[in-house]
Amino acid sequence: MPVRDRIAYVVPTKDRPDDLRKLFESLRKQEDAPDQVIIVDASEPPVKTICDEYSDLPLTYVREYPPSLARQRNAGMAALEESITIAGYLDDDLELEPDATGRMRAFWNAAGTDIGGAAFTIVNQPLRSSAFGAVADFFLLNAKRQGQLLRSGFASSIAVPSENTETDWLYGGATLWRRSVIEQHRYDEWYIGHGFLEDVDYSYRVSREHRLWVVAGARVWHWPRPVMASRQFTLGVQQVVNRIYFTRKMRTFSALALSWALFGQCVFNIAQSIQQRESSGFRRFLGNLKGFTLIMGGKLNSVDGIWK
């Protein structure tokens with residue numbers, strides 16, 4: 001008889017008590033319960049009292065402050081029980097369908113050792129915009145094949161697959177990894193705050209040695225808050241600085257293709273602002289210009305920012 005994989009979820013959280021309760025309720029309803037759930041709390045005030053309300057769940061509470069997504073994820077993995085064989089990350093604004101953990105466990109029980117990571121299917125993941133899809137493809141910002149890493153260093157989106165799908169990268173907040181991968185790879189804490197691209201960075205590094213999949217039947221719902229208007233500028237700065245950091249670090253992408261894509265990103269942000277008749281895209285464009293200024297000044301420092 002094969003050994004049954006033991007699954008752990010790491011949940012970084014910050015100031016979302018209602019979302020966290022919704023996640024906990026969905027974990028309570030799992031037909032095949034996870035073996036450990038690690039809450040890595042950067043909230044003010046802390047959410048320890050909320051965790052105490054769910055004593056029936058196998059919760060481990062870790063306080064990690066100040067908030068930074070990559071550091072919180074690493075802190076959570078440091079608290080894994082020795083018996084855990086598969087572990088990963090859930091955003092605190094997710095809601096799992098009742099059979100999600102069971103379907104993911106079944107995938108891993110049958111997975112070959114060449115598979116390093118697998119993501120849940122996010123049921124309400126936004127689809128490619130028909131209005132901007134061709135523009136994004138032209139500027140090497142996106143591609144028709146899901147989960148592709150382009151030569152520009154940009155990653156094509158991952159929508160809702162009808163069957164298990166192999167990809168070049170995986171989103172960070174609904175993904176499980178083999179224990180040996182976790183022990184070999186940490187999230188890069190150069191990415192601070194919300195991080196932006198920290199998940200592409202991590203999963204791309206893993207993909208150079210292991211295969212990655214999105215599991216169609218393991219379904220979750222994602223209820224993210226919109227990026228606040230006041231934080232769009234910072235997001236725009238990170239769009240440039242973090243992308244350049246990522247591509248320089250990996251040394252596998254085309255500098256010419258990256259330059260073309262970054263120009264296209266500026267065009268895309270402006271066009272989106274005009275089409276939607278609001279300022280968010282233009283604020284990101286101004287942040288893009290600030291990012292280029294920092295790079296031309298020889299500075300490739302981390303850009304902090306909590307967007308939501």
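**Close-up 1. Arg73 and Asp91 form a salt bridge in this predicted model.** Their side chains meet at 3.8 Å, N to O. The pair brings together distant parts of the chain, 18 residues apart: Arg73 belongs to helix H3, while Asp91 sits in the loop between strand E4 (86-90) and strand E5 (94-96). Arg73 is buried, with a relative accessible area of 2%, whereas Asp91 is partly exposed at 21%.

**Close-up 2. Glu44 pairs with Arg63 in a salt bridge.** Here the closest N and O atoms are 3.1 Å apart. This pair, too, links distant parts of the chain, with Glu44 in the loop between E2 and helix H2 (48-52) and Arg63 in strand E3, 19 residues apart. Glu44 is partly exposed at 47% relative accessibility, and Arg63 is partly exposed at 32%.

**Close-up 3. Arg186 meets Glu189 in a salt bridge.** Look for the closest N and O atoms, 2.9 Å apart. Glu189 is partly exposed, with a relative accessible area of 33%.

**Close-up 4. Gln30 is a buried loop residue.** You will find Gln30 between helix H1 (17-28) and strand E2 (36-41). Its relative accessible area is 7%, so Gln30 counts as buried. A polar atom of the Gln30 side chain lies 3.0 Å from the backbone oxygen of Ser26.

**Close-up 5. Helix H7 is largely enclosed by the rest of the structure.** That is because 9 of the 10 residues of H7 (residues 198-207) are buried, among them Tyr202, Tyr204 and Arg205. The cover over these buried residues includes helix H3 (69-77), strand E9 (211-222) and helix H8 (232-250).

Terms used
Residues are numbered from 1 along each chain as its sequence is written. This is a predicted model: local features need pLDDT of at least 70, side-chain atom pairs count only at pLDDT 80 or more; totals for chains, interfaces and linings use all residues. Side-chain values use heavy atoms; hydrogens and water are left out. Buried means under 20% relative accessible area, exposed over 50%, partly exposed in between (1.4 Å probe, protein chains only). Helices (H or I, at least four residues) and strands (E, at least two) are DSSP runs, numbered from the N terminus. Contact means heavy atoms within 4.5 Å. A polar contact is a pair of N or O atoms within 3.5 Å; within protein, one must be able to donate a hydrogen and the other to accept it, and residues adjacent in sequence count only if both atoms are side-chain atoms. A salt bridge is a side-chain nitrogen of Lys or Arg within 4 Å of a carboxyl oxygen of Asp or Glu.
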